Amino acid sequence: MWLQALKPIEIQQGNTTAAQEAKPPHIIEQKDRQFSPYISVTQVGSDIQFPNRDNTAHHVYSFSEPLSFELPLFKKRTPAPIRVDKPGLIALGCNIHDWMIAYLLVVDSPFYGQLQGHSVEFNDLPHGKYQALLWHPDINSAQVLKTELNYQGQKIFDWPMPQKVVSRAQVRAPAERLDEDDDY
């Protein structure tokens, strides 16, 4: 979920905002032959790291418009970070493990958050009117849900998902083969 200001926002001196802080790399790890997190959001200009916490090799890739890349076979290490310079949806996959899929939404806003259930928390958000936007893989990929938010200091924003959007679980890895660590 991310916010776009409907009017210019005045940032007060001494008020640290998400836009002013140096951000650590956004982490999407491979663990238990899954991407974690399955869905994540970050800001344009962020560095993305893909640490491999598994004993087997992965070949992470994306052919998405905002960022097309490949990280050829790597095992038990973290390749150099990749910078995302364009907003949009990045679908991730692994060439070795077809069930491994994840989504990274890159937004052109310093105000974004990850839904936890039906809520998201915003810290240091300037008061004002925003358009709140939500994307989820169970919504048409070319569509986002929108609503207006008049922010007056509340930290948590509730967004009930429409009944037609029922969050499906991430596809789980099949049982590990005994010889899988020897494959790559």
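A contact means that heavy atoms lie within 4.5 Å. The model shown is predicted, and local features need pLDDT of at least 70, side-chain atom pairs count only at pLDDT 80 or more, and totals for chains, interfaces and linings use all residues. Residues are numbered from 1 along each chain as its sequence is written, and side-chain values use heavy atoms, with hydrogens and water left out.

**Figure 1. Surroundings of Ser109.** Ser109 is found in the loop between strand 11 and strand 12; strands (E, at least two residues) and helices (H or I, at least four residues) are DSSP runs, numbered from the N terminus. Not counting residues up to four places away in sequence, Ser109 touches Trp2, Leu3 and Gln43. Is Ser109 buried or exposed? Its relative accessibility is 3%, so Ser109 counts as buried; buried means under 20% relative accessible area, exposed over 50%, and partly exposed in between (1.4 Å probe, protein chains only). The C-alpha atoms of Ser109 and Ala5 are separated by 8.9 Å, although these residues are 104 residues apart along the chain.

**Figure 2. Polar contacts of the Ser109 side chain.** A polar contact is a pair of N or O atoms within 3.5 Å; within protein, one must be able to donate a hydrogen and the other to accept it, and residues adjacent in sequence count only if both atoms are side-chain atoms. The side chain of Ser109 reaches the backbone oxygen of Leu3 at 2.6 Å. A polar atom of the Ser109 side chain also lies 3.1 Å from the backbone nitrogen of Phe111.

**Figure 3. The whole chain.** The secondary structure comprises 0 helices and 15 strands. Of the 184 residues in the chain, 44% are buried. Among contacts with a separation of 6 or more, 62% involve residues 24 or more positions apart. The chain exposes about 10,400 Å², of which carbon and sulfur atoms supply 48%; accessible areas come from the Shrake-Rupley method with a 1.4 Å probe, and for residues only the protein chains shown count as cover.

**Figure 4. Two nonpolar cores.** A nonpolar core is a set of buried Ala, Val, Leu, Ile, Met, Phe, Trp, Tyr and Cys residues joined through side-chain atoms within 4.5 Å. In soluble globular proteins, nonpolar side chains tend to be buried together. Which residues have the most contacts inside the largest core? They are Phe50, Phe69 and Leu92, in a core of 18 residues. Strand 8 (68-74), strand 10 (88-94) and strand 11 (101-107) are the elements that give two or more residues to this core. Phe69 touches Phe50, Val60, Tyr61, Ser62, Ile82 and Leu92, not counting residues up to four places away in sequence. A second, separate core has 16 residues, including Met1, Phe111, Tyr130 and Leu145.

**Figure 5. Aromatic pairs.** The structure holds 5 aromatic pairs. Rings of Phe, Tyr and Trp (its six-membered ring) pair if their centres lie within 6.5 Å; planes under 30 degrees apart count as stacked, over 60 as edge-to-face and the rest as tilted. Tyr103 and Trp135 form a tilted pair, at 5.5 Å centre to centre and with 55° between the planes. Tyr103 lies in strand 11 and Trp135 in the loop between strand 13 (128-134) and strand 14 (145-151), so the pair ties together parts that are 32 residues apart in sequence. Both Tyr103 and Trp135 are buried. Phe111 and Tyr130 form an edge-to-face pair, at 6.1 Å centre to centre and with 75° between the planes. Phe111 lies in the loop between strand 11 and strand 12 (119-121) and Tyr130 in strand 13, so this pair ties together parts that are 19 residues apart in sequence. Phe111 and Tyr130 are buried. Ring pairs also link Tyr38, Tyr103 and Trp135 into a cluster.

**Figure 6. Strand pairing.** Two strands pair if DSSP finds at least two bridges between them. Strand 7 (residues 58-63) and strand 8 run antiparallel and are joined by 5 bridges. They form a hairpin with 4 residues between them, and Val60 stands opposite Leu71 in strand 8. An open sheet of 3 strands has the order 2-6-9, with mixed pairing. Its edge strands, strand 2 (26-27) and strand 9 (82-83), each pair on one side only. Strand 2 and strand 6 (residues 47-49) run parallel and are joined by 2 bridges; the bridge partner of Ile27 in strand 6 is Gln49.
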